[in-house]
Amino acid sequence: MINLPMRVVAGYLRLTAKPTMSTVERARQRIAAVKPPSPPPVSLRRRHEVRTRQVAGFTCHTVAPGGRRAALYLHGGSYVSPMARQHWDLVARLADAGVRVEVPDYGLAPQHTFREAYALVTAVYRQLLDEVGPAAVTIAGDSAGGGLALGFAQTLAAAGLAQPRRLILIAPWLDLTLSHPDLPAAEARDPWLCSAGLREAGRAWAGGADPADPRLSPVNGPMDGLAPIHLYIGTRDLLHPDALRLPVSRLNVGEGAVHVYPLTPTRLGRAASAEIVDLIAAG
């Protein structure tokens with residue numbers, strides 16, 4: 001049974017977020033809109049040291065650089081939206097737990113594509129491994145960032161880089177083609193995501209490449225030799241069917257939960273985010 005706070009969140013999303021990507025035209029308007037900057041909030045800077053530098057032509061923030069454990073965090077937003085408050089809240093909780101967090105501010109579509117993002121994330125990860133080693137590092141991402149996290153992990157062997165300690169994927173977008181046969185039923189349950197808008201965002205992010213390319217749709221990529229995958233997915237999530245295709249070490253299904261439910265202000269969301277912080281910060 002869906003609890004009341006999750007119902008409230010679902011209702012809010014259906015009224016405010018779902019219309020922005022519900023049609024191809026609305027999606028194109030959102031994709032073309034000016035992307036506002038999303039720097040680390042003042043509240044985070046008051047509690048933790050934040051270092052900002054340029055890597056591969058983009059900004060990367062290091063939050064709490066003295067932490068013994070480290071996370072490379074890739075935010076969601078359909079590859080067309082910047083970091084949101086909920087993303088920074090999770091980063092802040094990780095820093096509060098003593099985790100160093102690398103936050104690459106990858107370029108957004110349509111001005112930028114996955115090609116630049118992979119170059120940026122590879123450079124940041126390489127620097128991180130030089131400083132702390134792979135046994136201390138978790139790669140985490142939500143939604144589009146979760147897809148980027150998995151796709152990037154699948155490229156590490158070819159780049160001569162070690163796998164991290166683990167991968168934490170929060171409702172990852174694993175297939176830009178959105179071709180799973182169970183998708184229509186999942187979309188009918190989802191109060192937020194719309195396949196029409198997501199396909200437009202995916203095409204912009206692909207920049208002319210085949211959306212089925214594993215770097216864009218990592219569900220098509222190699223699954224052998226990856227770090228252990230911890231997956232969080234709600235049952236009222238358009239991405240739920242594809243998420244269940246992954247070979248995971250731990251599957252956390254939020255019954256009745258919406259997309260990226262660990263980032264929601266609900267009891268279920270707070271419990272999941274606390275577990276994620278504990279997994280990353282644990283010795």
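Let's start with the largest pocket, which holds about 770 Å³ of space. A pocket here is an open set of points on a 1 Å grid over the protein atoms alone, where a 1.4 Å probe fits, with protein on both sides within 12 Å along at least five of seven lines. Its volume is the space filled by probe spheres set on those points, which are joined across faces, edges and corners.

A quick word on the model: it is predicted, so local features need pLDDT of at least 70 and side-chain atom pairs count only at pLDDT 80 or more, while totals for chains, interfaces and linings use all residues. Residues are numbered from 1 along each chain as its sequence is written, and side-chain values use heavy atoms, with hydrogens and water left out.

Back to that pocket. Its lining has 32 residues, and Leu-13, Ala-17, Ala-84, Gln-86 and Trp-192 lie nearest the centre; a lining residue has an atom within 4 Å of a point. Helix 1 (4-16) and helix 4 are the elements that give two or more residues to this lining. Helices are DSSP runs of H or I with at least four residues, and strands are E runs of at least two, numbered from the N terminus. By class, the lining has 18 nonpolar, ten polar and four charged residues.

The second largest pocket has about 180 Å³ of space. Among the residues lining it are Lys-35, Pro-36, Asp-105 and Tyr-106.

Tyr-106 also brings us to the rings: ring pairs link it with Tyr-79, Trp-173 and Trp-205 in a cluster. Rings of Phe, Tyr and Trp (its six-membered ring) pair if their centres lie within 6.5 Å; planes under 30 degrees apart are stacked, over 60 edge-to-face, and the rest tilted. That rule gives six aromatic pairs. In one of them, Tyr-79 and Trp-173 are stacked, 5.8 Å centre to centre with 25 degrees between the planes. Tyr-79 sits in the loop between strand 3 (69-74) and helix 4 (85-96), and Trp-173 in the loop between strand 6 (166-170) and helix 8 (183-189), so this pair ties together parts 94 residues apart in sequence.

Are these two residues buried or exposed? Tyr-79 is buried, at 2% relative accessible area, and Trp-173 is buried, also at 2%; buried means under 20%, with a 1.4 Å probe and protein chains only.

Finally, which residues have the most contacts inside the largest nonpolar core? They are Val-63, Val-91, Tyr-125, Trp-173 and Trp-205, in a core of 94 residues. Such a core joins buried Ala, Val, Leu, Ile, Met, Phe, Trp, Tyr and Cys through side-chain atoms within 4.5 Å.

Notes
Buried < 20%, exposed > 50% of the residue type's maximum accessible area, 1.4 Å probe, protein only. Nonpolar A, V, L, I, M, F, W, Y, C, P; charged D, E, K, R; others polar.
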